[in-house]
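Subject: Structure handover

Hello,

Here is the structure for your files. My notes on the sheets, helices and cores follow below it.

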Amino acid sequence: MFFKRFQLSRDIGIDLGTANTLMYVSGRGIVLQEPSVVAIDLERGVPLAVGDEAKLMLGRTPGNIRAVRPLRDGVIADFDAAEQMIKTFIQKGNEGRGIVAPRLVIGIPSGVTGVERRAVREAGLAGARNVHLIEEPVAAAIGAGLPVTEPVGTMIVDIGGGTTEVAVLSLGGTVLSESVRVAGDELSDSISTYLKKVHNLVVGERTAEEIKIRIGSAFPDDAHDESTMDVRGLHLLSGLPRTIPVRAGDIREAMAEPLNVIVEAVKRTLERTPPELAADIVDRGIVLAGGGALVRGITDLISHETGILVHIADDPLLCVVNGCGRVIEDYKALERVLDTPDFSRLSA
């Protein structure tokens with residue numbers, strides 16, 4: 001019995017996100033959910049902290065320490081940091097156990113290039129014996145409990161930190177998809193830009209993200225638009241710290257441009273959808289997943305622009321990692337949804 005449990009812990013599913021990395025271990029469920037951040041000691045070239053500890057250091061490091069987000073727009077921007085991060089997370093999530101390295105299933109954006117896919121595979125091999133890739137919209141649909149293996153059309157919009165994935169799925173495969181590198185990070189950046197241009201106030205990534213979460217919205221709502229939040233930052237003209245009140249309605253207008261890019265991607269995908277599948281989508285609606293699905297009013301915005309009912313998946317933040325988990329738990333039945341070829345230490 002002990003040996004069986006030990007073997008079950010070998011397979012790992014990872015949602016390697018721009019903002020957060022989540023890990024699912026076979027037989028145990030989700031064991032790790034931490035920011036995709038690494039703090040590196042530049043003098044020794046070794047990671048000082050990974051995940052939650054490293055995120056606290058963003059924007060607060062001395063000259064000999066660099067806190068970085070190794071993924072940008074859903075793909076690896078800093079290979080060495082990403083490799084260290086994946087290796088550390090595997091050790092932490094799997095409690096450092098195991099004579100045999102695990103098999104990995106990693107969720108990636110559907111629009112990445114062959115070179116970017118290989119970079120993810122090679123980074124994954126830092127702590128695994130072989131690596132399989134699964135496109136994030138497919139994993140999100142499986143994790144959301146959608147009937148992706150049945151002959152019906154389903155549409156999922158996965159709004160992550162770096163990319164928005166729009167896909168129409170049927171019979172276990174992607175009929176068509178579109179990936180745009182506009183998502184949660186761009187929404188936060190638009191808030192930073194607005195504060196700098198209109199209020200001459202400079203704020204960091206964490207402050208912009210907090211504003212987005214607390215008062216950000218995608219669709220007009222008179223009651224919510226009048227609510228305010230006190231924002232602290234550095235005033236450009238005086239060079240001193242300053243606190244100013246910001247209206248929710250102004251933040252919604254600041255976020256309008258990146259939100260419009262997401263809506264246009266959904267509309268373009270619908271325009272290219274075959275008629276039979278389009279009829280299924282009208283009946284079943286559009287499902288939103290990812291952290292961006294939690295932006296207030298985003299379902300109303302997409303529904304208003306497309307005329308189709310839009311609803312949010314249960315636990316939208318966990319859809320991709322749960323999908324990866326279902327694949328490793330029921331590998332034989334869902335193997336065909338994986339991106340091939342299998343990538344192992346031998347092939348590397």
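Two strands count as paired if DSSP finds at least two bridges between them; helices (H or I, at least four residues) and strands (E, at least two) are DSSP runs, numbered from the N terminus. This is a predicted model, in which local features need pLDDT of at least 70 and side-chain atom pairs count only at pLDDT 80 or more, while totals for chains, interfaces and linings use all residues. Residues are numbered from 1 along each chain as its sequence is written, and side-chain values use heavy atoms, with hydrogens and water left out.

Five-stranded sheet

On that basis, β11 (residues 154–159) and β17 (residues 286–289) run parallel and are joined by four bridges. One of the pairs is Met155 with Ile286 in β17. Both strands belong to an open sheet of five with mixed pairing, in the order β13-β12-β11-β17-β18. β13 (173–180) and β18 (310–312) each have a single partner strand, so one side of each is left without a neighbour in the sheet. From one strand to the next, the twist averages 20 degrees. Helix α12 (residues 298–306) lies across β11, β17 and β18, at about 150 degrees to β17. Contact means heavy atoms within 4.5 Å; axes are lines fitted to C-alpha atoms, for helices over the stretch in contact, and angles run from 0 to 180 degrees between N-to-C directions.

Three-stranded sheet

An open antiparallel sheet has the order β14-β15-β16. Its edge strands, β14 (201–202) and β16 (241–247), each pair on one side only. β15 (residues 228–235) pairs with β16 over seven bridges, and Met229 has Val246 in β16 as its bridge partner. Helix α6 (residues 184–199) lies across β14, β15 and β16, running at about 105 degrees to β16. Helix α7 (residues 205–215) also packs on this sheet, where α7 touches β15 and β16 and makes about 170 degrees with the direction of β15.

Cores

A nonpolar core is a set of buried Ala, Val, Leu, Ile, Met, Phe, Trp, Tyr and Cys residues joined through side-chain atoms within 4.5 Å, where buried means under 20% relative accessible area (1.4 Å probe, protein chains only). Which residues have the most contacts inside the largest core? They are Leu195 and Ile286, in a core of 43 residues. Helix α10 (residues 256–272) gives the most to this core, with six residues. Not counting residues up to four places away in sequence, Leu195 touches Asn200, Leu201, Val203, Ile211, Val231, Ile244 and Val246. A second, separate core has 30 residues, including Ile40, Leu71, Ala128 and Val131.

Regards

Technical notes
Buried means under 20% relative accessible area, exposed over 50%, partly exposed in between (1.4 Å probe, protein chains only).
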